[in-house]
Amino acid sequence: MATTIHGTADAVPPAETAEVELYHPHSWITRYVFSQDAKVIAIQYSLTAIAIGFVALFLSWLMRLQLAFPGTLAFIDADSYYQYITMHGMIMVVYLLTALFLGGFGNYLIPLMVGARDMAFPYANMLSYWIYLLAVLVLVASFFMPGGPTGAGWTLYPPQAILANTPGQDWGIVLMLVSLALFIIGFTMGGLNYVVTVLQGRTRGMTLMRMPLTVWGIFTATVMALLAFPALFVGAVMMLFDRLLGTSFFMPAIVQMGEQLSYGGGSPILFQHLFWFFGHPEVYIVALPAFGIVSDLIATHARKNIFGYRMMVWAIVIIGALSFVVWAHHMYVSGMNPYFGFFFATTTLIIAVPTAIKVYNWVLTLWQGDIHFTPPMLFAIGFIVTFLNGGLTGMFLGNVVVDVPLSDTMFVVAHFHMVMGVAPIMVIFGAIYHWYPKITGRMFNDLLAKLHFWITFLGAYLIFFPMHYLGLLGVPRRYFEMGETAFVPASTVTLNEFITITALVVGAAQFLFLFNMFWSLRYGRPAGGNPWRATTLEWQTPETPPAHGNWGRELPVVYRWAYDYSVPGAAEDFIPQNQPPSPAEVRGTMT
Amino acid sequence: MSAALAFILVVGVVAAWWLARHGIMAKPWLEPGLPALPAPGPAGPVEAAASLRRAKAGLVVFLGVAGSLFALFVSAYLMRMGAADWWPLPLPRILWINTGLLMAGSLGLHGAQVATRHGSTAAMRQGLLLGGAAALAFLLGQILAWRELLAAGHGLAGNPAASFFYVLSGVHGLHVAGGLVALGHTTAWAWRDPGSARTRVLVELCATYWHFLLLVWLVLFGLLAGWANDFAEICRQVLS
C-alpha cells in the first residue's frame with residue numbers, strides 16, 4: 001500500500017467496487033440444484049467429496065482387514081486388494097482432498113472473505129461442479145464394469161497399468177483415465193473462478209496483504225493446480241491413446257504371456273515424469289489451503305494476531321514455487337543420473353525451510369495466547385503435530401540413500417499418510433467445525449465434536465506411528481499377504497492386527513462426525529452471526545447463513561488486516577476488518 | 001521436462017513481478033484505513049466495468065493453463081524423441097498453407113481490434129469475418145493434412161512422430177475450435193451493438209487468443225518439422 005487515507009467513520013467514502021450482475025434464480029431447481037451461487041456449489045462439492053471419501057474409507061478397512069487377518073474375508077483376493085489400493089489412493093488425493101479444499105472451501109470462503117457477491121464466472125463455476133460430479137460417477141461406474149476398477153496402483157504406472165492380468169485392464173483403466181481428464185476440465189473451470197475472483201473481485205480496501213491467510217493458501221494452491229493438472233491431463237490422454245489406439249508413447253516393446261505385443265520404443269519413465277510433475281505439486285495443492293486455514297483457526301481461537309503475517313504469505317508463495325522443482329524425488333528408485341538425484345534431494349530439503357518457518361510461526365502465535373480449546377483449535381493443534389511428524393520423516397525420505405532402502409516399505413506409507421492424509425484431514429475437520437455455524441446458522445454438539453477429535457487424533461497416531469516401525473523392520477508395502485517370510489519377525493503380525501483394529505475404530509468414529517453434522521442441522525442451538533468473535537469478513541454478513549449476494553445492499557469496506565485480535569486499548573478483543581479505524585489508531589499511524 | 005520447467009519459470013517471473021507491484025512488502029498491521037482510490041486511467045469509466053476486467057483476467061489465466069498444457073506436450077515430445085525407434089515424419093506441404101491461414105486469421109482479428117479503437121464498424125466486422133473464415137479453413141486444412149498422412153501410410157500407431165503429430169495438431173485444433181465458439185459469440189455482439197465497450201473487449205480478447213494460438217502452432221510446427229532438433233538435443237542433455 002503506497003498511500004493510505006486515514007479517516008474515521010464519518011469520513012467514509014462509499015464502496016465503489018462495481019456490483020456484480022448477479023444471476024437471480026427463479027425456481028427451486030436453479031436455486032439448489034443447478035445453482036450458480038458459490039455457496040450452494042461449495043456445499044454440493046463438499047457433500048459429493050465427503051460421500052466418495054467414505055467409499056475410500058471403506059476400502060481402507062477392507063485392505064486393513066486383509067493385511068491383519070488374511071483369508072478371513074473370502075471375497076478379497078490379490079486382484080481386488082490392488083483395486084482397493086488404487087481406488088483408495090486416487091479417491092482420497094484427487095476426488096476428496098483436492099475437491100474439498102478448492103471446490104468446497106474455495107467456493108464458500110473466497111467470495112465471502114474478499115467481500116465479493118459471488119465468483120467471477122458463476123456459470124462456469126456451476127459447470128465445474130457438474131463435471132466434477134460426472135467424473136466421480138465415471139470413477140464409481142468402474143466398480144460395476146466387467147473386470148472392476150483398475151488395480152494399477154494410484155500412480156497408474158505403465159506398462160503394467162494397461163497390460164493384461166492387471167485388474168481392470170478392460171474397463172477400469174479407461175474409466176479411470178477418462179474420469180481424471182473430466183476432473184481436470186471441471187477443475188480448470190472452477191480454478192479460473194477462484195483465481196480471477198481473488199484478482200478482480202476484492203472489495204474496496206481489501207488489498208492483497210489484508211487478505212486472510214486462508215485466501216492466500218487457496219489462491220496459491222489454485223494457481224499451482226492450474227499449472228500442474230495439465231501434466232496429469234497430458235499423461236492421461238497419451239495413456240488412453242496407448243491403451244485404445246495402439247500408440248507407443250509410454251509402452252516399450254514388451255512380451256505378454258509369450259506373445260510379442262505391437263508396442264515398441266515408448267518410455268515408461270516419461271509417464272513417471274509427467275505424473276510426478278503433477279503429483280508433487282499436488283501434495284502442496286492440498287497442503288497450502290490447509291496451511292492457510294490452520295493459520296486463521298489458530299489466530300481466532302487463540303485470540304492473537306498471526307505471528308509473522310508477511311513471512312507466512314511469502315512462505316506460501318515460495319513453497320508453491322519450489323514444489324515445481326522437486327518432483328523427481330518420487331523416482332529415485334526408477335533410476336536416474338546421480339547428479340539429478342543430488343539436485344532433487346537438495347531442492348526437497350530446501351523446501352523444508354519455508355515450511356519450518358510456518359510451523360514456528362504457528363507455535364509462536366499460540367505462545368502466550370488466550371487459547372480456547374474449541375474443536376477447531378484442537379484439530380488445528382492436531383494438524384501442527386501431525387504435519388511436523390510427517391514432515392520430519394519426509395526429510396529422511398528426501399535423501400536418496402535413505403529413500404532407496406525404505407521406498408518399498410510401510411515407512412513410506414506411514415510418512416505420506418501422516419503428512420498428506422491425516423494432517424489435511426485434521427484441517428478439514430477443524431475448518432468444518434469452525435465454519436459450520438456460518439454455513440448452517442447453528443452450533444454443532446461440542447461434546448461429540450471433542451470425542452470425535454480425540455478418537456481421530458489418538459487413533460491416527462496409534463495407526464501410523466507403529467507403521468513407521470514396521471517399515472524399518474522391512475515389512476513391504478503393496479503386498480497382498482506376507483505368507484511365510486523369514487526376513488521380518490513374527491511380531492509384525494500382532495502389530496498389524498493392532499493397527500487394523502484401531503483403524504476400524506477410527507473409521508467408525510467418523511460416523512460420529514456425520515451424525516453431529518446432520519443432527520445439529522436440526523437440533524443445534526442457533527449460532528448467531530459471529531460465534532467465534534472473529535475478524536474476517538465472512539463473519540460480518542448481514543444474514544447467517546449468508547443470503548444470495550452475500551452482503552445485502554452495500555458491499556463491505558475493509559479498513560484493516562484480518563488479525564486485529566486483542567489489540568491493546570480496543571473495546572473488544574477483536575476488531576472486524578470492516579470496522580473503521582478509531583481516532584486513536586489514526587493518531588498512532590500519523591506519528 | 002525442460003520445456004515445462006522453462007514455462008513454469010516464465011510464469012514464476014511474471015508472478016513475482018506482479019506480487020512485487022501489489023504490495024507484497026506492505027505491513028498491514030501498521031496501516032489501518034482505506035487505501036487511496038486508484039487514479040482514473042486513460043481507459044475511461046466504461047472500460048473499467050468490472051465484468052470486462054474479469055473477462056480479461058480470466059483469459060490471461062486461461063492462457064496460462066493452456067500454455068502449461070502445450071509446454072508439457074512439448075516436453076513429452078522432446079523426451080520421446082530421444083528413443084531409438086524415432087524417425088522424423090515427412091510433413092505434408094499443405095501445413096505451410098495452413099500456417100499462412102492461421103496468420104491471416106490472426107492479422108484479421110488484429111485489424112478488427114485496431115478498427116474498434118478507431119470506431120470503424122465495417123472494418124471491425126470484416127476483420128472478424130476474415131478471422132473466422134481463416135480459422136475454419138485452417139481446421140479444414142489440418143483435416144486434409146491428416147488424410148494425406150493416412151494415405152501415405154503414416155497411421156496413428158506406427159511411427160511415434162506420427163502419433164505425436166496427430167495428438168498435438170488435434171489438441172491445438174480443439175483449442176481453435178473452442179476459439180471459434182467464442183468468436184461466434186463476439187461476432188453476434190459486433191452486429192448487435194458494435195459501439196459498446198463489451199464488443200471492444202470481446203474483440204480484443206479474441207485477437208489475443210488468436211495470437212496465442214498462432215504462437216503455439218508455430219512452436220509445434222517448428223518441432224514437428226524438425227528445425228528445432230539441435231535445440232531439442234540440448235534440452236535433452238540438460239534434463240531429460
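Tutor: We can begin with a pair of helices in chain B: the axes of H5(B) and helix H6 (residues 197-225) of chain B come within 10 Å and cross at roughly 165°. This is a predicted model, in which local features need pLDDT of at least 70 and side-chain atom pairs count only at pLDDT 80 or more, while totals for chains, interfaces and linings use all residues. Residues are numbered from 1 along each chain as its sequence is written, and chains are lettered from A and ligands numbered from 1 in the order in which they are written.

Student: Why is H5(B) called roughly antiparallel to H6(B)?

Tutor: Angles run from 0 to 180 degrees between N-to-C directions, and those under 35 degrees count as roughly parallel, over 145 as roughly antiparallel, 65 to 115 as roughly perpendicular and the rest as oblique. The axes cross at roughly 165°, and therefore H5(B) is roughly antiparallel to H6(B). The crossing is also left-handed, a word used if the near helix is turned anticlockwise from the far one by less than a right angle.

Student: Which residues make the contact of H5(B) with H6(B)?

Tutor: Among them are B:Phe165, B:His172 and B:Trp189 of H5(B), and B:Arg198, B:Tyr209 and B:Leu224 of H6(B); two residues are in contact if their C-beta atoms, placed from the backbone, lie within 7 Å. The residues of this contact divide into 17 nonpolar, five polar and one charged, where Ala, Val, Leu, Ile, Met, Phe, Trp, Tyr, Cys and Pro count as nonpolar, Asp, Glu, Lys and Arg as charged, and the others, Gly among them, as polar.

Student: How many residues of chain B are in contact with chain A?

Tutor: There are 47 residues of chain B in contact with 56 residues of chain A. On the chain B side, H2(B) gives the most, with 17 residues, and by class that side has 32 nonpolar, nine polar and six charged residues.

Student: What makes A:Thr492 buried, exposed or partly exposed?

Tutor: A residue is buried if 20 or more other C-beta atoms lie within 10 Å of its own, exposed if 12 or fewer, and partly exposed in between. A:Thr492 has 18 other C-beta atoms within 10 Å, so A:Thr492 is partly exposed. A:Thr492 lies in helix H15 (residues 491-523) of chain A and, leaving aside its neighbours within four places in sequence, is in contact with A:Leu470, A:Leu473 and A:Val475.

Conventions:
Helix = DSSP H or I, 4+ residues; strand = E, 2+ residues; numbered from the N terminus.
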